[in-house]
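Hi everyone, thanks for coming.

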Amino acid sequence: MFPSLLDVTVAASAYAAHMPQRTDFPEVPRILVLGGSSEASALARRLAASEEVSVITSFAGRVANLSLPPGEVRIGGFGGIEGLTEWLRAESIRVLIDATHPFTAVMPWHAYAACRACGIGRVRVLRDEWQQQPGDDWHFVPDLAAAAEELAALGARRVFLTTGRQELRPFSGLDEVTFLVRAIEKPDPMPLSRAELVLSRGPFDLDNEVALMTSHNIDALVTKNSGGAAAAPKLAAARQLGIPVVMISRPPVPEGETVSTLNQALAWCAKACEAPSLLSAV
């Protein structure tokens with residue numbers, strides 16, 4: 001049986017063996033939103049308010065305390081490309097909206113392949129990257145390992161690390177560095193030998209970011225180029241304090257249509273699903 005609300009997904013082989021024949025679909029286009037970003041939740045709320053479409057929002061399940069949007073919600077993986085392909089067909093999905101986090105490296109490619117196999121529409125919602133401003137001291141690197149190397153080259157000793165709790169290990173070799181790690185949930189285990197932990201969820205503000213960096217004597221900031229307003233104040237704080245920023249570039253994305261705003265995503269849905277009422281929300 002496919003997962004219902006909040007059920008964890010089973011493997012792709014189980015899909016193939018127990019493919020359900022559902023007959024209770026609403027008589028409107030069904031949309032799958034791949035969540036993981038603030039845009040995904042906002043989009044799900046807008047789509048759920050329309051009677052012309054039905055929305056399912058899917059989360060990977062890596063964060064325990066999710067803020068769930070209205071509409072149908074599922075949590076867990078699909079079982080790779082094969083599992084996602086079978087799920088899309090079994091659930092009669094009309095279009096897929098990939099609104100995963102900008103640094104989600106694998107799922108966008110699975111979505112691309114599965115949608116091609118099913119012949120259904122797909123759009124990537126990808127917010128604009130942050131842009132360097134006058135006074136910024138940014139050091140661009142391609143990945144986490146390169147970020148650790150750049151910290152060593154900078155001679156940093158007290159580093160504000162904002163890459164997330166699951167991506168700390170590449171920095172574990174920097175034994176002389178004390179890290180201030182900000183995450184939504186506690187890393188388990190903590191791979192860094194010298195670390196202080198701040199559990200917090202954005203949006204953040206400039207004054208608090210300046211106070212945090214000052215009180216911990218931060219001399220370098222490490223961040224992914226996620227874009228968006230919620231986490232941008234740390235960049236302004238680093239600029240104000242003259243702190244260098246090690247900026248990790250985004251992973252490559254599959255070909256296909258990409259939009260950067262909620263309104264653009266709604267307009268795409270309105271056209272793809274022949275649901276003009278969605279345009280009234282733009």
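I'll talk about a sheet, then a pair of helices, then one serine. Keep in mind that this is a predicted model.

Let's start with the sheet. Six strands form an open sheet, and their order is E3-E2-E1-E4-E5-E12. The pairing in this sheet is parallel. At the edges sit strand E3, residues 72-75, and strand E12, residues 258-259, and each of these pairs on one side only. Let's zoom in on one pair.

Now for the helices. How do we describe two helices that pack together? We give the angle between their axes and the distance between the axes. For helix H6, residues 206-215, and helix H7, residues 233-241, the angle is about 55° and the axes are 8 Å apart. So H6 counts as oblique to H7. Their crossing is right-handed. Which residues meet there? From H6, they include Leu206, Val210 and Met213, and from H7, they include Pro233, Ala237 and Leu241. Sorted by type, the residues of this contact are 8 nonpolar, 2 polar and 2 charged.

Last stop: serine 226, in the loop between strand E10, residues 220-224, and H7. Is serine 226 buried or exposed? Its relative accessibility is 12%, and buried means under 20%, so serine 226 counts as buried. Leaving aside residues up to four places away in sequence, serine 226 touches His101, Pro102, Phe103, Arg127, Asp128, Trp130 and Arg250.

That's my tour, and I'm happy to take questions!

Key:
Residues numbered from 1 in each chain as written. Predicted model: local features only at pLDDT ≥ 70, side-chain atom pairs only at ≥ 80, totals over all residues. Heavy atoms only, no water. Axes fitted to C-alpha atoms, helices over the stretch in contact; angles between N-to-C directions. Helix = DSSP H or I, 4+ residues; strand = E, 2+ residues; numbered from the N terminus. Parallel < 35°, antiparallel > 145°, perpendicular 65-115°, else oblique. Left-handed = near helix turned anticlockwise from the far one by under 90°. Contact = heavy atoms within 4.5 Å. Nonpolar A, V, L, I, M, F, W, Y, C, P; charged D, E, K, R; others polar. Buried < 20%, exposed > 50% of the residue type's maximum accessible area, 1.4 Å probe, protein only. Pairing = 2+ DSSP bridges.
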